[in-house]
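Subject: Structure handover

Dear colleague,

Here is the structure for your files, with notes on what was found in it. Please read the notes beside the model.

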Amino acid sequence: MDRIYEDNNNYVSAIFFDLDNTLIQTRKGDSKACSKLVEILEHHYGLSHEIAAESASAFLRAFRAKPDDESYAIDEWPTHLWRNSLPKNYRHIAKNISTEWIKLRFKYLALTPDVIHLLETLREDYLLGLITNGPSRAQWQKIERLGLRKYFDCVLVSGDLPWEKPDQNIFFEACKLLDVEASTCIMVGDKLETDIKGGKEAELGGTVWIPLQYDEMESDLPDFKIQKVTELPEVLPNSPKLKKRPSKPSVC
């Protein structure tokens with residue numbers, strides 16, 4: 001596989017990462033949490049499988065359409081959505097189900113050991129930035145609950161700023177905070193229309209695309225395409241050799 005800047009004298013000083021569906025598997029994690037809640041609704045609260053599945057699907061559609069509403073406390077908004085998604089005679093359990101949702105959601109969104117190892121190792125050689133679109137409270141809740149801040153030299157949430165990806169200014173702001181030139185930075189993300197297009201318009205040194213459906217999508221826009229974020233070192237110049245994570249001792 002070709003590498004970024006392999007044939008010239010430039011170098012990579014900073015790597016910008018998208019959050020959702022790049023570092024954490026938001027769509028998959030939220031779907032898994034709802035699947036588990038279907039079981040809970042069915043086995044603990046007596047809903048039929050069909051009604052439980054319909055309720056969870058209705059909640060997830062509403063949550064994805066609007067993950068936060070600042071007229072509610074951050075943990076009360078999903079309760080409101082569950083109350084509207086459950087059958088009328090079960091709306092009294094909305095708070096309990098919402099509490100389970102939050103617990104399960106962050107369990108399934110947690111960084112995997114391989115991604116943690118990647119970030120820790122890359123940070124020995126590069127500055128790392130997190131650039132994420134979304135409502136401020138909703139994105140910061142994920143960042144704080146998942147303990148992500150410690151892996152990055154700067155964190156930018158579009159809800160705190162006058163721009164969002166693909167606006168080139170959000171990338172320029174990250175460059176300013178890290179005191180680096182845009183041409184020495186790369187952007188890694190899952191969305192062509194925001195992460196990759198924005199990186200191109202900001203004239204970053206490279207863009208790396210991680211499509212949700214790797215085999216079904218093609219595009220000439222990104223400089224590189226990989227299947228998962230842990231493949232990133234394969235396209236970096238002079239990539240650090242990732243130290244092999246020690247395996248757990250086998251139990252006899």
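Rings of Phe, Tyr and Trp (for Trp, the six-membered ring) form a pair if their centres lie within 6.5 Å; planes under 30 degrees apart count as stacked, over 60 as edge-to-face and the rest as tilted. By that rule the structure holds 6 aromatic pairs.

Before the details, the conventions. This is a predicted model, in which local features need pLDDT of at least 70 and side-chain atom pairs count only at pLDDT 80 or more, while totals for chains, interfaces and linings use all residues. Residues are numbered from 1 along each chain as its sequence is written, and side-chain values use heavy atoms, with hydrogens and water left out.

Overall fold

The protein chain has 8 helices and 6 strands (DSSP runs, H or I of at least four residues for helices and E of at least two for strands, numbered from the N terminus). Their order from the N terminus is β-α-α-α-α-α-β-α-β-α-β-α-β-β. Of its 252 residues, 48% count as buried (under 20% relative accessible area; exposed is over 50%, partly exposed in between, with a 1.4 Å probe and protein chains only). Taking contacts (heavy atoms within 4.5 Å) between residues at least 6 apart in sequence, 64% join residues at least 24 apart.

Aromatic cluster and cores

Phe59, Phe63, Trp82 and Trp101 are linked into a cluster by ring pairs. The ring centres of Phe59 and Trp101 are 4.9 Å apart and the planes stand at 75°, so this pair is edge-to-face. Phe59 belongs to helix H2 and Trp101 to helix H4, 42 residues apart. Phe59 has 0% relative accessibility and counts as buried; Trp101, at 1%, also counts as buried. For Phe63 and Trp101 the centres are 5.3 Å apart and the planes at 75°, so that pair is edge-to-face as well. Phe63 is in helix H2, 38 residues from Trp101.

Beyond its neighbours within four places in sequence, Trp101 contacts Asp30, Ala33, Cys34, Leu37, Phe59, Leu60, Phe63, Pro78 and Trp82.

A nonpolar core here is a set of buried Ala, Val, Leu, Ile, Met, Phe, Trp, Tyr and Cys residues joined through side-chain atoms within 4.5 Å. The largest one has 55 residues, and Ile15, Phe17, Trp82, Trp101 and Leu232 touch the most other members. H4 gives the most to this core, 7 residues. A second, separate core of 16 residues includes Phe171, Ala174, Val180 and Met187.

Pockets

A pocket is an open set of points on a 1 Å grid over the protein atoms alone, where a 1.4 Å probe fits, with protein on both sides within 12 Å along at least five of seven lines; lining residues have an atom within 4 Å of a point. Grid points are joined across faces, edges and corners, and a volume is the space filled by probe spheres set on the points.

The largest pocket holds about 590 Å³. Its lining has 30 residues, with Asp20, Thr26, Pro67, Gln139 and Lys142 nearest the centre. Helices H1 (26-43), H2 (49-65), H4 (94-109), H6 (136-145) and H8 (192-201) each give two or more residues to that lining.

The second largest pocket holds about 390 Å³. Of its 21 lining residues, Thr22, Gln25, Lys28, Lys228 and Val229 are the closest to its centre. H4 and helix H5 (113-122) each supply at least two lining residues there.

Regards
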